[in-house]
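Thanks for coming. Please have the sequence and the model open.

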Amino acid sequence: MQVYLDNAATSYPKPEEVYEAVDRFMREIGVSSGRGAYRKALRADRIIYEARKSLAELFNIKDVARVVFAANATEALNLAMKGILSAGDHVITSQVEHNAVWRPLKRLERERNIEITQIPCLSDVSLKDPGSVKTAIKSNTKLVVMTHASNVSGAILPIGEIGKICTENGVPLLVDAAQTAGAFPIDAEADNIDLLAFTGHKSLLGPQGTGGLYIREGIQLEPLKEGGTGGDSILETQPDTLPDRYEAGTPNAAGLAGLRASIKFILSEGIQNIRKRESELTAYLLDRLGELDAVQIYGPQDPEKQVGVVSINIANYQPEEVGYVLDEVYGIMVRTGLHCAPCAHRTMGTIERGTLRISLGYFNTEAEIDHTVQALKQIASRGVR
Ligand SMILES: Cc1ncc(COP(=O)(O)O)c(C=O)c1O
């Protein structure tokens with residue numbers, strides 16, 4: 001039995017329609033989009049437009065053109081933070097951010113002398129007091145950037161509450177939705193999100209190399225890169241119009257064809273139903289792990305307060321040793337170590353050892369969880385060697 005439990009890294013498998021869409025695009029269209037005026041090129045344009053449109057529907061975004069594609073959440077987050085923060089600006093973030101937020105901020109601190117305030121989090125990686133965002137706001141605060149859910153503990157941060165505080169205080173909110181887009185309902189309007197960074201290959205169930213950024217009207221960003229956009233070729237600067245301003249270079253049209261198919265799948269299943277199923281699986285996993293005395297579980301341990309990500313450790317074993325045996329002996333794929341988020345491990349008290357992360361996806365089953373718990377039980381009693 002092969003069991004894939006590393007969906008927080010990249011979801012696998014994908015809906016059948018996604019494989020078909022990528023294959024069909026490569027074989028039947030396969031040309032550049034946004035450049036040619038012949039019929040095949042227009043078909044490619046149409047597919048990319050529909051991918052944008054379905055994302056706008058999923059996140060309740062009114063202006064489709066304000067969904068800008070990028071290679072992944074990392075590129076989208078870099079565009080947002082580097083595009084908005086200038087010398088001497090102040091930014092507020094949490095204590096548990098992924099390196100995709102933390103490293104660009106640290107670079108901006110070194111190179112643009114920006115000032116960073118980290119809002120404290122509890123050991124389950126949830127936010128201690130959302131109200132502290134308000135207290136931290138200063139006259140030079142230009143951005144609040146926060147993960148929607150931790151990729152280490154699964155804890156969901158109260159983005160709606162923070163969005164309200166940001167709007168009342170006139171500070172834009174950038175949400176890192178890498179772990180929630182496609183797994184948890186996101187409403188850019190109701191949640192007062194000004195910038196939403198997402199990645200296509202995790203819970204959005206699309207191919208790697210896809211992702212993007214929603215940019216609310218009125219938010220001005222400097223582009224991260226310059227280059228060809230297909231139109232306005234006479235200009236020596238990037239055009240002002242969206243999405244072209246931020247999409248220099250030939251897009252990943254085959255990937256976006258796959259993303260269009262995956263978002264259509266999510267919309268037809270219903271995001272609430274997906275969330276419900278993943279919560280059921282999380283509850284089942286937490287219950288079954290609770291049977292094992294040797295297993296320490298981190299995070300909220302409450303399916304209402306987390307996405308399908310659960311970090312654990314077994315007795316005195318290193319997570320890497322356990323992960324190796326899970327794969328080699330039992331065919332179970334999990335991630336071990338620090339999961340690109342040392343800040344979250346420091347908050348959780350696991351910076352020395354890291355954790356073994358089990359991350360569920362929509363297509364996992366209770367039988368796969370049973371197999372995993374049984375394997376962990378055997379490892380805990382027999383050891384890893
Ligand atoms: C919370 C969080 N933010 C950002 C990222 C970066 O996503 P990507 O690697 O797709 O750019 C990840 C991916 O692991 C993540 O979990």
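Before the strands, a word on pairing: two strands count as paired here if DSSP finds at least two bridges between them. Keep in mind throughout that this is a predicted model.

With that, take strand S6, residues 173-176, and strand S7, residues 195-199. They pair in the parallel sense, over three bridges. Within this pair, Asp176 stands opposite Ala197 in S7.

Now the helices on the sheet. H3 packs on it and touches S2, strand S5 (141-147), S6, S7 and S8. The direction of H3 makes about 155° with that of S7. Helix H4, residues 99-112, also packs on the sheet, and its contacts are strand S3 (90-94), S4, S5 and S6. For H4 the angle is taken with S4, and it is about 145°.

Next, the sheet as a whole. In what order do the seven strands of the open sheet run? The order is S2-S8-S7-S6-S5-S3-S4, and the pairing is mixed. The edges are S2 and strand S4 (115-119), each of which pairs on one side only. From one strand to the next, the twist averages 20°.

On to the empty spaces. Rolling a probe the size of a water molecule over the atoms shows where empty space is left. The structure holds one cavity of 30 Å³ or more. The volume of the largest cavity is about 70 Å³. Its lining consists of Phe69, Ala70, Glu75, Leu79, Pro223, Leu224, Lys225, Arg245 and Tyr246. Which elements give two or more residues to that lining? They are strand S2 (67-70) and helix H3 (73-84). So edge strand S2 and helix H3, which packs on the sheet, both come back here, because each gives two or more residues to the lining as helices and strands are assigned by DSSP. By class, six of the lining residues are nonpolar, none is polar and three are charged.

The largest pocket holds about 510 Å³ of space. It is lined by 27 residues, and those nearest its centre are Ile48, Arg52, Phe69, Glu247 and Pro251. Phe69 is also in the lining of the largest cavity. H2 and S2 each supply at least two residues of the pocket lining, and H2 has the largest share, with five. The class count for the pocket is 11 nonpolar, eight polar and eight charged residues.

Last, the backbone. Most residues other than glycine have a negative phi, and most peptide bonds are trans. Where are the exceptions I want to show? Two are cis peptide bonds. The bond from Tyr12 to Pro13 is cis, with omega near 0°, and Pro13 sits in the loop between strand S1 (3-4) and helix H1 (16-29). The bond from Leu242 to Pro243 is cis too, again with omega near 0°. Pro243 belongs to the loop between strand S8 (211-215) and helix H7 (253-269).

The other two concern phi. Asn60 is not a glycine, yet its phi is positive, about 55°. Asn60 lies in the loop between helix H2 (39-58) and S2, and is partly exposed, at 34% relative accessible area. Ala315 also has a positive phi, about 35°. Its loop runs between strand S10 (309-314) and helix H9 (319-330). Ala315 is partly exposed as well, with a relative accessible area of 37%.

That is the end of my part.

Notes. Residues numbered from 1 in each chain as written. Predicted model: local features only at pLDDT ≥ 70, side-chain atom pairs only at ≥ 80, totals over all residues. Heavy atoms only, no water. 1 Å grid on protein atoms, 1.4 Å probe; cavity = no way out; pocket = protein on both sides within 12 Å on 5 of 7 lines; lining within 4 Å. Points joined across faces, edges and corners; volume = space filled by probe spheres on them. Helix = DSSP H or I, 4+ residues; strand = E, 2+ residues; numbered from the N terminus. Nonpolar A, V, L, I, M, F, W, Y, C, P; charged D, E, K, R; others polar. Buried < 20%, exposed > 50% of the residue type's maximum accessible area, 1.4 Å probe, protein only. Axes fitted to C-alpha atoms, helices over the stretch in contact; angles between N-to-C directions. Contact = heavy atoms within 4.5 Å.
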